[in-house]
Each structure stands twice: as C-alpha cells, then as structure tokens.
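Reader: I am new to this structure. Please show it to me, and then let us go through it step by step.

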Amino acid sequence: MTPSDDFWRELSRIEPRYGDLFWEGTIDVGESPGWCEELARLIRVAQQPATPDELASEEATVAAMAEARGTARVRLERSPAQSLGRVAVVKGAVLFGVLAGGVAAAASTGIAGDVVPGWSEPPAPQVETPPTTIADIVEEPVTETGAEERPSTSGEDGSPAVVVDEVLPAGEDTPVPGPVGEAEVVPESGEVPESGDGPGHAYGQDKEHPSSAGRYDGFPHGHRSGDDEL
Amino acid sequence: MAAPLLSAVADIIDEGGFAAVVAAAGRGEHSGLTDLFRVYQPMLLRYLRARDPVLADDLASEVWVAVARRLGGFVGDERGFRSWLFTIARCRLIEHRRKLARRRTDPVSHDRLDRLERPPAQSGGDDPAVLLVERMTAQAALDAVVADLTSDQAEAVLLRVIAGFDVGETARIMRRSPGSVRVLCHRALRQLAMSLTQEVGAE
C-alpha cells in the first residue's frame with residue numbers, strides 16, 4: 001500500500017463525515033490528519049469578523065443606495081396617466097423623427113420624384129464663377145456694353161472711327177441713338193440692309209408695335225414715317 | 001451560525017427583526033440601509049475580492065445600488081435576502097468577466113499583493129506555520145483556500161464558506177443541481193487536501 005493509497009482512503013473516510021463542517025468552519029480537527037487542521041485554520045481565519053477597511057465605503061455606498069431608493073420610489077409612485085402621456089410623447093417624437101428623416105433621405109437621393117406625384121427636383125443652383133485671370137477681369141465690362149462687336153467705322157473723310165447706332169440715308173436727320181446695347185454692326189458701305197437680312201434686320205423693329213415689324217422706317221422706336229412732318 | 005462573520009446576521013435578526021430592517025431600507029431610511037450594509041458588506045466584499053480583486057469594490061457598490069433599486073419588491077426572510085444579494089453579485093461578476101474577455105486585459109492588483117506581503121501583526125503561537133496562518137488577513141486566507149481550485153470549485157467553496165449557504169442554496173445561486181455542487185465541493189476538498197499535504201511534506 002502506497003502513501004497515495006492511504007491518502008485517498010483517508011480522504012474518502014473524512015469527506016462524507018466532515019464535508020459540511022469543513023465549509024462551515026465548525027469542524028473539530030482533533031484526530032484528523034495534518035492537512036485537515038491546516039484547512040480548518042484557513043477557513044476560520046477567512047470567516048473572521050469585518051475589518052474597518054471592508055466598511056470604509058459605507059458612507060458613499062449608503063448615500064448611493066438612498067438615492068437609488070428614492071429614484072425607484074418616484075418611479076413607482078408615478079400615476080398611470082403620467083406614464084401613458086410620457087409614452088405617447090416619446091412615440092410621437094420618434095414617429096416625427098422617422099418621417100422627417102425619411103423625407104430628407106428621399107429628397108437627397110432623388111427617390112421622391114418617382115414616388116411623390118408632381119414632385120420635381122429643384123433646379124441646381126447656378127454658381128457664378130469668379131474671374132480667374134486678368135483678361136477675364138478686363139473683358140467683362142466690355143462685354144456688357146457690346147462694344148467689342150463694333151468695328152471701327154471710318155468716315156469718308158478719314159475721320160476716326162465712331163460708334164454709330166444707326167445709319168440713315170444721306171440727307172436725313174440724324175436719329176436719336178437707341179438705347180445702349182441695341183446698337184448693331186453696320187457695314188462700312190453705309191448701305192441700309194433690307195429688312196430681315198443681315199445683322200441689322202432687327203434694327204428699328206419695335207416688338208411693341210407689330211405693324212412695324214419687318215419694315216424699316218428709318219426711325220428709332222416709336223417714330224414712324226408719316227407721323228411727323230419732315 | 002457559529003462562524004464569526006455570520007454572527008452579525010444573527011445579531012440583526014435578534015435585535016429588531018430582519019423584516020423591520022428591510023422595511024426601513026425599502027422606505028429609503030438611512031438606518032435600515034446602513035444596517036444591511038454593515039452586516040452583509042464584509043462577506044460580499046470577500047466573495048468579490050476572491051473572484052476579482054481589482055474591481056471588487058466597484059462591483060460591490062454596483063450590487064448595493066441594484067439591491068436598493070429593487071428592495072421595494074423583495075419578499076422573503078434573511079436567508080432569502082442573502083441568497084438574492086449573492087445572486088446579484090454573481091450576475092454582476094459574470095457581466096464584468098464577459099466585458100473583460102472582450103477587452104482582453106488582465107490587470108494586476110497591487111492591493112492583493114500588499115495584503116499577501118504585509119499581513120497585520122497579531123499574536124500567535126510558537127509554531128511558524130500556525131503563526132503564518134494566524135497573521136494572515138481574512139482575505140489572504142480566503143485567497144489561499146481558493147488559489148488552487150478551478151473557477152467553479154472556488155465559486156462553490158466561497159458561497160459555502162463566506163456566505164454560509166448549504167448545498168441547496170449554493171446550487172440555486174450557481175444554477176446547478178445540488179448533486180453537481182456536492183461534486184464540486186468534494187473535488188475542491190480533494191484538491192485542497194493534496195495541496196496542503198504537499199506543503200506539509202515540503203516543510
């Protein structure tokens with residue numbers, strides 16, 4: 001018989017009798033083997049009364065417990081109507097949030113145009129690009145007046161080129177210049193183009209007076225031949 | 001209840017009645033909450049420190065707050081309250097371990113090392129082994145008991161040694177059968193016998 005056999009035999013004899021007593025710390029180890037005494041001593045020490053460090057957090061923990069207890073009591077004392085009203089408010093807020101989020105998502109993805117009748121995507125905003133070069137900056141005001149389209153016109157006497165808004169047949173009074181921007185390019189020959197031909201076909205046309213449309217009367221807007229004595 | 005740790009429970013039952021203390025605590029009265037804390041905090045803290053020395057104090061506070069929140073709905077006697085308290089503590093411990101497993105960290109407690117290295121000086125006998133054990137703090141002795149046990153064995157032993165539960169109550173808290181708990185305790189005792197025998201032989 002080995003020492004190990006002795007150990008197991010001894011253990012099997014002790015455990016059924018003393019198992020519970022071991023864990024309760026009440027075993028009398030008078031005639032038990034050495035390890036029993038050792039274990040019983042450890043358990044007794046482990047079951048010693050409370051030490052101050054174990055109760056050090058009493059104040060903070062009890063305060064937290066009182067606060068938690070107060071909160072729990074308030075919850076219990078709340079009336080059912082208050083609870084229902086609170087639930088309704090929360091549900092309404094959630095529903096509104098879902099709807100608003102859904103509409104925003106549909107608008108951003110373009111799905112709304114397919115789903116909602118009469119929905120059309122808003123036009124893309126036109127972004128005005130600022131001029132990036134000096135040439136752009138210089139040319140811009142010129143473009144507004146349309147002067148760059150005006151070729152230099154030299155008179156018969158070789159005088160410097162002047163800008164004319166309209167050219168009349170020889171012998172006629174100089175008409176009142178039209179408004180800025182309505183000047184057209186006139187050939188250097190001084191010929192008056194026929195109505196509807198060439199770049200000057202719109203000249204003198206007054207859209208407010210259909211009777212004069214397509215007919216050149218040699219007068220600026222609102223001035224018809226025959227209305228005034230020349 | 002001969003164990004000194006559980007004598008406080010006997011006192012609270014004898015003096016004013018456990019139901020009165022629980023009722024006062026349920027009303028949020030400071031005295032009732034303090035009585036419960038003073039009686040059960042030491043055993044709760046030792047149990048938690050043996051299982052998780054790093055966060056034991058924080059977990060104990062969480063357990064007490066959880067108890068306070070649900071105290072209004074508690075119905076039962078002292079043993080029922082103790083069982084409820086340790087059930088909450090065990091659940092909190094399991095939750096914490098799940099979080100810890102996800103984080104994969106293994107912090108080391110300096111407090112635990114200090115407790116092992118610097119036991120308080122107390123009077124003891126002439127036998128060095130006896131002197132060593134008697135100089136140990138309660139937590140150090142408890143740590144020595146469960147040091148070589150598996151997690152389930154340690155759990156069963158702690159609930160029996162510290163909380164003073166019998167097999168049936170321990171089985172309910174651990175959600176096991178009583179037979180399973182008996183087997184765990186028996187294996188724990190065998191392991192302790194082997195460990196202590198080797199130590200005695202080495203000396």
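Reader: In what order do the elements of chain B run from the N terminus on?

Author: This is a predicted model, where local features need pLDDT of at least 70, side-chain atom pairs count only at pLDDT 80 or more, and totals for chains, interfaces and linings use all residues. Residues are numbered from 1 along each chain as its sequence is written, with chains lettered from A and ligands numbered from 1 in the order in which they are written. Helices (H or I, at least four residues) and strands (E, at least two) are DSSP runs, numbered from the N terminus. Chain B has eleven helices and zero strands. Its order is α-α-α-α-α-α-α-α-α-α-α.

Reader: How are α3(B) and α4(B) oriented to each other?

Author: Helix α4 of chain B spans residues 56–70, and its axis lies 10 Å from that of α3(B), at an angle of about 140°. Axes are lines fitted to C-alpha atoms, for helices over the stretch in contact, and angles run from 0 to 180 degrees between N-to-C directions. Angles under 35 degrees count as roughly parallel, over 145 as roughly antiparallel, 65 to 115 as roughly perpendicular and the rest as oblique. The two helices are therefore oblique.

Reader: Is W84(B) buried, exposed or partly exposed?

Author: W84(B) lies in helix α5 (residues 78–103) of chain B. A residue is buried if 20 or more other C-beta atoms, placed from the backbone, lie within 10 Å of its own, exposed if 12 or fewer, and partly exposed in between. W84(B) has 16 such neighbours inside 10 Å, so this residue is partly exposed.

Reader: Which element gives the most to the side of chain A that touches chain B?

Author: Two residues are in contact if their C-beta atoms, placed from the backbone, lie within 7 Å. The contact takes 38 residues from chain A and 41 residues from chain B. On the side of chain A, α1 (3–24), α2 (34–46) and α3 (58–77) each give two or more residues. Giving the most, with twelve residues, is α3(A).
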